[in-house]
Each structure stands twice: as C-alpha cells, then as structure tokens.
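Thank you for letting me take a few minutes of the meeting. Please have the sequence and the model open beside you while I talk.

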Amino acid sequence: MTSILIIDDEKAIRKTLTEILSFEGYKIDEAADGEEGLKCFKERTYDVVLCDIKMPKLDGIEFLQKASEHNGDVPIIMISGHGNIETAVEAVKKGAYDFIQKPPDLNRLLITIRNAKERNTLVFETKNLKRRAARVQDMVGESAPVKKIKETIEKVAPTEARIMITGDNGVGKELVARWVHEKSNRADGPLIEVNCAAIPSELIESELFGHEKGSFTSAIKQRIGKFEQANGGTLFLDEIGDMSLSAQAKVLRALQEGKITRVGADKDISVDVRVIAATNKDLLKEVEEKKFRLDLYHRIGVILIHVPSLNERKDDVPLLVDRFLEDICGDYGIAKKMISDEAVKQLQGYNWTGNVRELRNVVERLVILSGKSITREDVTTYVLPK
Ligand SMILES: Nc1ncnc2c1ncn2[C@@H]1O[C@H](COP(=O)(O)OP(=O)(O)OP(=O)(O)O)[C@@H](O)[C@H]1O
Ligand SMILES: [Mg+2]
C-alpha cells in the first residue's frame, strides 16, 4: 500500500487531503508542522510526501533540505498558497518533485502523486537491476558435500527459516549466505552484512540497532542500524561467535519480537528481517564456556549448513583452479593461462589450511609469476608446501 505523509499546519487542508487520499486507497500519516513532519519522515519510509511551504517551527523549504539529506529518494511535493508560488518553484529547483496549488485540484493532485510514485519505483528498480548485474559469484564444485550444500540452499532459501553457517576460514560461508539471499523471496530487498568480529563491543549495539542523536558522547548524528537497513531483506551476521553477551541478548529480543529500539530512543521499531549467521567457532563449545547464549543458538540455528574444509573435498580443486584462472586473468585483462595436469595434481596434494581463499591467492600468485602457462615447476617454486 502506498504511504503518504501530509505536512501542513492548516488542519482543514490536512483533513481534506487525508479524506481524498484515503478514499483512493493510500495510507496517510499527518504532521502539523515541519518539525513533526521531519520526525515522522525519519521514523518510517514513505512513498510520497506532501508538504506545505509556510509553517511554524520548520518551514517547507527547511523540511525539504533536511529530509533530502536524510533520504534523497523520497519524492516531496510542495503545496503552495497564492502568495508563495515563487517559493514553490524555488523548491522544485532545490529538489522537490513538483508543487501543487491550494486549494488542491483533485485530478492534478492524484496525477502528481501517481507520477511521483512511479518515478520512485523506476529509480528503485534501476538500482536493483544494477545490483543484480553485479551477480553473485558461482559456487564452484561437484564434490558430494558441495552438491549437498547447493541442494540445501535451493530448499531453504525460499523459506523464512534462519540459517547458521559454520566452517573454517575461507571455506565459502559468505558465498553460501549470498546465494541464500539471492534465491530467497527477499532477493529484491537488501542484503546487509555485519562483521561482528570487526566492531568493538561497545559499538555493536549502535551498529546493529542505530542510535538517536546525542544518546552517547560520540553520537553526533542520528544513525540507522543494520537491522533497519535490512528491513524487507536479509541481515548477515558474520562471525557471530565474536558477539558480546549483551549484544546477543538484544539480538535475541529482536528475533523474538521482530522489534528493535535505537540506542537512546524510547520507541520500538518493527523490522521484517531474515537473519543468516556464520561462524568459524564451535558454538556449542562457546555455549558450554558461557560465551554464547544457548537460546540465541537455537533461535538462529533453525537450519544448519556446514561448509567442509577444502582438504575434505579435494576433488573440487581442479574446477576451482580453472574458474580462478579464468576470473583472475579476466581481471588482469590477459588471455586465460593454461595450467598443466601435473601442476593441478600438485596443487591438489597440498594442505589447504586457508581453504578456498588460500587457493585463490595461490592461483593469482601463479598467474603473476609464471610464464605463458603454469607448470609443475612453477607450483613447486612459488607455492611452499606445508
Ligand atoms: N565454491 C566456491 N566457488 C568459488 N569461489 C569460492 C567458493 N568458495 C569460496 N570461494 C571464494 O573464496 C573466497 C573466500 O570465501 P568466503 O569469503 O565466502 O569464505 P568465508 O568462509 O566467509 O571465510 P571467513 O571465515 O574467513 O570469513 C571468496 O573469494 C569466495 O568467493
Ligand atoms: Mg566470511
């Protein structure tokens, strides 16, 4: 349902507009001045905003400026009285979508709103197409464990089930998470990633849930957290085993109630987010050591996907080498280098403690250092056996 925010200090105008637009099937919120309007604008995402020009506290032009700074994607239509058509024109130059005159002409009002909404849909779709054009990398591998992972992804992606992905460094956990999102019904929504290990524990709450301006010393601006950013899409909590216990408690609440609170705010915000988590830790051991909450483990681990280390699926090494050669040579803008069967065999025999990521780095090194084609000697010279 299209949602519209109406900001006007004249109650009669708000009432008329609300009546007309509700009748047309729009969902309406009202605000009596620019300040209140801005508050609503920051709290939820509207499809279109109708905004008066002359208002107490914050006038229409100031609202336009502040609102576009916050989110420039929402079309704002100015409502102008007789006295301020020039200002309305000025507003359009400053980024307002259009203006309509008071008293609003019904047809023109509806057409303007429909056009604004349509433009926005187009902007959104273009962004989406661009994102999709930067497609998710293939998951290469024909070994039994990789086939099983692909099957599991096909099955669980379209559901809303939460997923816990486990496996060593560099096995491809993030890739699995991307594919789940891509094949889910949320693929058109955002995929937001948080690396829990990279954020200091005192900042993780604000990172995940956002904060209000002034809620703590360094909170100089309001911030939208990752949960809110992921609304309608997927939130990927990477390295969840490194999350502090206090943040775990908050995440648990968000998952149980589908609501979050920004740090320093008194209101809850509903969020519609699917959570996928990954870790290279043995979470049950962490639970035993009281470093991870068992209830959170059960909440997220509805589906468990374990990605085995590369040493357990060495059959995949030749396919991976071939793909990496193609990708890397492509990136360097050179023809795909050949690699001898012996060289591939040699690589297959190595102990890949860094898993697929390490293999990719090694292939890149070989592409750079070898001659026209990659030989067994190149492998023994440039790749140190472990
Ligand atoms: N099956 C695969 N096919 C092609 N590329 C892969 C595959 N698995 C992993 N990769 C590549 O290997 C690299 C490491 O993968 P990824 O980042 O998903 O691993 P990870 O398990 O999340 O690692 P970490 O635990 O270090 O975060 C990436 O460049 C990824 O694209
Ligand atoms: Mg990762």
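I will go through the ligand site first and then through some single residues.

Before that, a word on conventions: this is a predicted model, in which local features need pLDDT of at least 70 and side-chain atom pairs count only at pLDDT 80 or more, while totals for chains, interfaces and linings use all residues. Residues are numbered from 1 along each chain as its sequence is written, chains are lettered from A and ligands numbered from 1 in the order in which they are written, and side-chain values use heavy atoms, with hydrogens and water left out.

Let us start with ligand 1, which is surrounded by 17 residues, the closest being Q137, V140, G170, K173 and R357; a residue counts as near if one of its heavy atoms lies within 4 Å of the molecule. Sorted by class, that shell holds seven nonpolar, four polar and six charged residues, where Ala, Val, Leu, Ile, Met, Phe, Trp, Tyr, Cys and Pro count as nonpolar, Asp, Glu, Lys and Arg as charged, and the others, Gly among them, as polar.

Which polar backbone or side-chain atoms lie 2.9 Å, 3.1 Å and 3.5 Å from an oxygen atom of ligand 1? At 2.9 Å we find a polar backbone atom of G170, at 3.5 Å an N or O atom in the side chain of N169, and at 3.1 Å a backbone N or O atom of G172. Taken alone, ligand 1 exposes 630 Å², and the protein buries 88% of that; these accessible areas come from the Shrake-Rupley method with a 1.4 Å probe, and for residues only the protein chains shown count as cover.

Ligand 1 sits in the second largest pocket. To sit there, more than half of its atoms must lie within 2 Å of the grid points of the pocket, and a pocket, on a 1 Å grid over the protein atoms alone, is an open set of points with protein on both sides within 12 Å along at least five of seven lines. The elements that give two or more residues to the shell are helix 7 (173-182), helix 13 (317-332) and helix 15 (355-369), where helices (H or I, at least four residues) and strands (E, at least two) are DSSP runs numbered from the N terminus.

Now to K102, in the loop between strand 5 (98-101) and helix 5 (106-133). Is K102 buried or exposed? K102 counts as buried because its relative accessibility is 14%. The side chain of K102 makes a polar contact of 3.2 Å with the side chain of E10, and another of 3.2 Å joins the side chains of K102 and D52. A polar contact is a pair of N or O atoms within 3.5 Å; within protein, one must be able to donate a hydrogen and the other to accept it, and residues adjacent in sequence count only if both atoms are side-chain atoms.

Most residues other than glycine have a negative phi, and most peptide bonds are trans. The peptide bond from K102 to P103, however, is cis, with omega near -10°. K57, which is not a glycine, has a positive phi of about 65°; K57 lies in the loop between strand 3 (48-52) and helix 3 (60-70) and counts as exposed because its relative accessible area is 62%. N355 also has a positive phi, near 55°, but N355 lies in helix 15 and is buried, with a relative accessible area of 0%.

K150 belongs to helix 6 (residues 144-156) and is partly exposed at 28% relative accessibility; K150 and M139 are eleven residues apart in sequence and 8.2 Å apart in space, C-alpha to C-alpha. L208 belongs to helix 8 (residues 201-209) and is buried, at 0% relative accessibility. That is where I will stop.

Key. 1 Å grid on protein atoms, 1.4 Å probe; cavity = no way out; pocket = protein on both sides within 12 Å on 5 of 7 lines; lining within 4 Å. Buried < 20%, exposed > 50% of the residue type's maximum accessible area, 1.4 Å probe, protein only.
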